[in-house]
Amino acid sequence: MKFLNAQELIKYLYSLPVLHEKSDLTYIQKVLAILDNPQDKVKTIHVTGTNGKGSTSYYLSNLLKKAGLKTGLFVSPFIRKFNERIQINGQDIPDAALVKIANQVEVALGKIRQNEPEFSLVTFEYEVVMAFLYFHEEKCDYAVIEVGIGGTHDKTNVIKPELSIITTIGLDHEQIIGPTLLDIAKEKSGVIKTDRPVVLGNVPTEVLPVLEGKAKKENSPVYLLNHDFMIKQDDNGRINYAFGKRKLVFSARPNVEAIDIGIATTAVLLLKVKLTDQEIEQTINGTQIPGRYQVVQRRPTIILDGAHNIQAMSNLLEFIHQHHSTGKIKVLITMMKDKDLEQVFSLFDKNDEVMLTTIPYPRAAKKADFPKDVQEKYQYFSDYQAAFKKAKNSLNENDLLLVTGSFYLVSAVLNMEA
């Protein structure tokens, strides 16, 4: 197959299977070997975690770019367009490069199919191969690689990074990498590699021995939040960071973002790139993560955040309730129906005005998928566009509208506003 344009390629990618019969890395390794293993020719940083891995990846890539290093970034999901998945120095991969790289992958697949006619990659594997190939061909100094899900069996886990990061361990994707927190920790520990440091963020005490045990086995130095580096927020939400003799102060962000900032800063200091304290502070303060506490309007305020599990939603709502004391808090939310819906909806205050909606996506919750008490308590709108417009038009100057529960909803609303 030869692709002629990006639209044709993207349509093809989403027609591919999502999973193989077995969850190992042999399929992607076979294709990368035919392409002369481009993943081994760029310095990488590997980022996993239940929450915060996307934000941490953006902060870190911006810091490396600020240091004058050509920096690749592979993240998911995309918010506005597919090309966001693969970036260099903050620029999305151009359509022409996307098509060129994909056609090289097709040539490699053609060689394998001479002996294995049924051989195929799943969607995420194809995307990962394209990213590694692009970063190598563009001669990146570093590439920040965010996992899809997990660690050991994740399709990105074909690298020996300069440094690994585990941002958080919590319950999400339990049916794939769970069911217990210990199972999830064990899976995520797969990014820890021999003789390479690992930075650990908000890790529950009960699973810390799993990660530290893997690090000891691999002779991997551990840098743990609130042990080796410190993050503390003052009453105004400003973030005070300390690591050894380095002390920095960042602008106010939600607590979960503060942790991500601390992790990214620690990582860049461990990499020993040339950055002054002022350059680090300015870079972090100037970074806006797409779809993560993204303020799209002020007075009245509209915030988009893709919080989609109990841990992320708890952090988000705690920050908003703490820092928005005047006016009403209104929420437009949908979630995937396989999430912990009952737990998430228990986090709202009684005064929050919540509107339920859905989006045209197979896993998105419809009215009947929400818990019965949630259906009875909050109004449901089958048209998210009409719901967003209604909520937006109802705002007074001091009110806040939060759009949350899914990156797909955030993406849909951002594209409405574009």
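## Second largest pocket

In this predicted model, the lining of the second largest pocket comprises 10 nonpolar, nine polar and seven charged residues. The volume of this pocket is about 520 Å³. Among the 26 lining residues, Tyr293, Val295, Arg298, Thr301 and Ile303 are the closest to the pocket centre.

Two elements, β13 (301–305) and α11 (310–323), each give two or more residues to the lining of the second largest pocket. Helix α11 provides the largest share, three residues.

## Packing of α3 and α10

Helix α3 (residues 53–66) packs on helix α10 (residues 277–285) with the axes 9 Å apart and at an angle of about 135°. The two helices, α3 and α10, are therefore oblique to each other, and their crossing is right-handed.

From α3, the residues Tyr59, Asn62, Leu63 and Lys66 meet Glu279, Ile280, Thr283 and Ile284 of α10. By class, this contact of α3 with α10 holds four nonpolar, two polar and two charged residues.

## Packing of α2 and α4

Helix α2 (residues 26–34) and helix α4 (residues 95–113) cross at roughly 105°, and their axes come within 9 Å.

On the α2 side the contact is formed by Lys30, Val31 and Ile34, and on the α4 side by Val105, Ala108, Leu109, Lys111 and Ile112. The contact of α2 with α4 contains six nonpolar and two charged residues, with no polar ones.

Terms used: Residues numbered from 1 in each chain as written. Predicted model: local features only at pLDDT ≥ 70, side-chain atom pairs only at ≥ 80, totals over all residues. Heavy atoms only, no water. Axes fitted to C-alpha atoms, helices over the stretch in contact; angles between N-to-C directions. Helix = DSSP H or I, 4+ residues; strand = E, 2+ residues; numbered from the N terminus. Contact = heavy atoms within 4.5 Å. Nonpolar A, V, L, I, M, F, W, Y, C, P; charged D, E, K, R; others polar. 1 Å grid on protein atoms, 1.4 Å probe; cavity = no way out; pocket = protein on both sides within 12 Å on 5 of 7 lines; lining within 4 Å. Points joined across faces, edges and corners; volume = space filled by probe spheres on them. Parallel < 35°, antiparallel > 145°, perpendicular 65-115°, else oblique. Left-handed = near helix turned anticlockwise from the far one by under 90°.
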